[in-house]
Amino acid sequence: MAEQERLSNDEFLDRLSELLKSASTKSKASIYLTQKRLSGISDDDTKSDLRSDSLLDYADISPPTHLPVLIRATNGKSKKDRKDKIKIATVVQPDELESFFGKYAELCRTGMSGLKKRDRSKGKKKKKVKA
Amino acid sequence: MAQTVKPPYLASISDWLTQSNLLLRAYPTTTRITSKYTIAPPVSKKRKRTAETTSDDPASTAPQATLTIKTYDPNSGVCLKYRTDQAAEVNRLIRCLGVLGMGMAGQEVDVETALEAPQAAVAPAIEEKAPEEGGKKKKKKKGGR
């Protein structure tokens, strides 16, 4: 499988915002967001190593340098709707994670507008009890 | 040993976060986190059987949206899920994703603080649609002299 084109972080967020917006206009839609470490090991390598413990060495658990994180987003269209499939991906460098997730959170909160809003009248009763 | 399939849904965000962090630490290269935001037609009401009937919320005609987060590691086959339909939880969930993302990157993270961090810290970052009404444009100045 050809390697997927990777967008810049900002471009990814713009496209994701569009994706969420288009989903909210429909009565039935799904958006999938995936994140995982970008380790340089391709998926094929991972599969072939599944039953060996080679992935469990200590360099893996505590890498000498910080590794980037791969973020993917798709609208989940497959099979007969595959032609409508939108698939985007970006790589976030370790030092940019914090700022990226800040923007990401903001975007998701505005984009995922279909969820239930907090009921203010009830919500006030739920005050945090400090132990 | 009877083979029972434990439902992967966890009861709370903090459970999910703690378990996911452990999984991520054990298999940092293969573990992935997927968030699924789904909008479903309002027909199925099976899921909501609680005392929701008392409040006549207009959402009953609107599509039901849910957000499901899943941590999965193909190496061990462990799958951890958490599902919500509350908009108020999105913020917390994404912050968890951020913290776990840093864990993925190999940075030292303290997941326990992620849920304790003040919610307000992110709130001012909302981009408000600037109301370009033209006419009245009064802004209160705090402590303006």
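User: Let's start with a pair. In S1(B), what is the bridge partner of A:Tyr32?
Analyst: B:Lys36 is the bridge partner of A:Tyr32 in S1(B). This is a predicted model, where local features need pLDDT of at least 70 and side-chain atom pairs count only at pLDDT 80 or more, while totals for chains, interfaces and linings use all residues. Residues are numbered from 1 along each chain as its sequence is written, and chains are lettered from A and ligands numbered from 1 in the order in which they are written.
User: How many bridges join S1(A) to S1(B)?
Analyst: Eight, and the two strands run antiparallel. Strands pair if DSSP finds at least two bridges between them. Strands (E, at least two residues) and helices (H or I, at least four) are DSSP runs, numbered from the N terminus.
User: How many residues does the contact take from each chain?
Analyst: Chain A gives 40 residues and chain B gives 40 residues. Residues are in contact if their C-beta atoms, placed from the backbone, lie within 7 Å.
User: Which element gives the most on the chain A side?
Analyst: S1(A), with nine residues.
User: And how do the residues on that side divide?
Analyst: They are 21 nonpolar, nine polar and 10 charged. Ala, Val, Leu, Ile, Met, Phe, Trp, Tyr, Cys and Pro count as nonpolar, Asp, Glu, Lys and Arg as charged, and the others, Gly among them, as polar.
User: Switching to H1(A). Which residues are buried there?
Analyst: A:Phe12, A:Leu13, A:Leu16, A:Leu19, A:Leu20 and A:Ala23. They sit on the same side of H1(A), because they cover an arc of only 120° around the axis. The arc is that of the directions from the helix axis to the C-beta atoms. Buried means 20 or more other C-beta atoms lie within 10 Å of a residue's own, exposed means 12 or fewer, and partly exposed is in between; C-beta atoms are placed from the backbone.
User: What does the face turned away carry?
Analyst: Exposed residues: A:Asp10, A:Glu11 and A:Lys21.
User: What covers the buried ones?
Analyst: The cover includes S1, S2, S3 and H4 of chain A, together with S1 of chain B.
User: Back to chain B. How many residues of S2(B) are buried?
Analyst: Eight of its 10. S2(B) also pairs with S3(B) in the antiparallel sense, over seven bridges.
User: What do S2(B) and S3(B) form?
Analyst: A hairpin, with four residues between the strands. In the turn, B:Gly77 has a positive phi of about 80°.

Technical notes
Contact = placed C-beta atoms within 7 Å.
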